[in-house]
Amino acid sequence: MRKKTTILVLVIVTIAFYCSYTVYSYDNRTVSNLSAYCNIDFRGVIDPQTNTAIGATLSIVDFRYHSGPLEKFFIIDIDGKTYKIDSIELSAQPPTYSQKDFPTGKSFKYTNTLFVTFPPQVLKEIYQANTIKIFFKYTDSDSAIELPLSAVDLQYWKNQLLSL
């Protein structure tokens, strides 16, 4: 009986350690670019009368196990020139525990959305950029998440601003 209890305790401790490590490693993941870290959606805003880009928006959707919300902090680095963007909207949703969400990877994770509206003066620099880095931050973190755009994402952003 004692041997079975010891084995059961070891199995439970192993499962708890594995789950803790999985949560920690997911929330503190390292990746090579922004779209590998989270879902992003960049959209150019076109004036229908002149057919020119008059603005752009970026939506960043990140899923985490930790409940700490995003901070109202966003910096874009365009070829070494940084801009702190203040036009930011945040939203957070609690995790879902529905069985239909298990295959999507959203189960037990908080959904954090950062929506940024870029000022017109930054658009031309985005269109001419060779490299872009994005910085955003969670309230429970001491350092910002700093990730570059992939070459494919950078080209997509430029295509959204073709009319400049």
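Helix α3, which covers residues 120–128, has Val122, Leu123 and Ile126 as buried residues, where buried means under 20% relative accessible area, exposed over 50% and partly exposed in between, computed with a 1.4 Å probe on protein chains only. Seen down the axis of α3, these buried residues fall within an arc of 110°, so they line one face of the helix; the arc is that of the directions from the helix axis to the C-beta atoms. This is a predicted model, in which local features need pLDDT of at least 70 and side-chain atom pairs count only at pLDDT 80 or more, whereas totals for chains, interfaces and linings use all residues. Residues are numbered from 1 along each chain as its sequence is written, and side-chain values use heavy atoms, with hydrogens and water left out.

- Helices (H or I, at least four residues) and strands (E, at least two) are DSSP runs, numbered from the N terminus.
- Helix α3 lies across β3, β4 and β7 and runs at about 50° to β3, with axes taken as lines fitted to C-alpha atoms, for helices over the stretch in contact, and with angles running from 0 to 180 degrees between N-to-C directions.

- Four strands form an open sheet in the order β4-β3-β7-β8, with antiparallel pairing; two strands pair if DSSP finds at least two bridges between them.
- The edge strands are β4 and β8 (145–148), each of which pairs on one side only.
- Neighbouring strands of this sheet are turned by 20° against each other on average, direction ignored.
- Strand β3 has seven of its nine residues buried, so it is largely enclosed by the rest of the structure.
- Antiparallel pairing joins β3 to β4 over four bridges, and six bridges join β3 to β7, again in the antiparallel sense.
- Isoleucine 75 stands opposite lysine 84 in β4 and also opposite phenylalanine 135 in β7, while aspartate 77 stands opposite threonine 82 in β4.

**Helix α4**

- The buried residues of α4 are Asp153, Leu154, Trp157 and Lys158; seen down the axis of α4, they fall within an arc of 140°, so they line one face of the helix.
- On the other side of α4, Ala151 and Val152 are exposed.

**Aromatic rings and a charge over a ring**

- The structure holds five aromatic pairs, where rings of Phe, Tyr and Trp (its six-membered ring) pair if their centres lie within 6.5 Å, and planes under 30 degrees apart count as stacked, over 60 as edge-to-face and the rest as tilted.
- The rings of tyrosine 37 and phenylalanine 136 have centres 6.1 Å apart and planes at 65°, so this pair is edge-to-face.
- This pair links distant parts of the chain, since tyrosine 37 belongs to helix α2 (residues 34–37) and phenylalanine 136 to strand β7, 99 residues apart.
- Tyrosine 37 is buried with a relative accessible area of 7%, and phenylalanine 136 counts as buried at 0%.
- Ring pairs link Phe42, Phe74, Phe118 and Trp157 into a cluster.
- The charged end of arginine 64 sits over the ring of tyrosine 138, 3.8 Å from its centre; the criterion is that NZ of Lys or CZ of Arg is within 6 Å of the ring centre and within 35 degrees of the ring normal.

**Residues with positive phi**

- Most residues other than glycine have a negative phi.
- Asparagine 51, which is not a glycine, has a positive phi of about 60°; asparagine 51 has its place in the loop between β1 (39–47) and β2 and is exposed, with a relative accessible area of 53%.
- Aspartate 79, likewise not a glycine, has a positive phi of about 50° and is found in the loop between β3 and β4, in a hairpin with two residues between the strands.
- At 39% relative accessibility, aspartate 79 counts as partly exposed.

Technical notes. Contact = heavy atoms within 4.5 Å.
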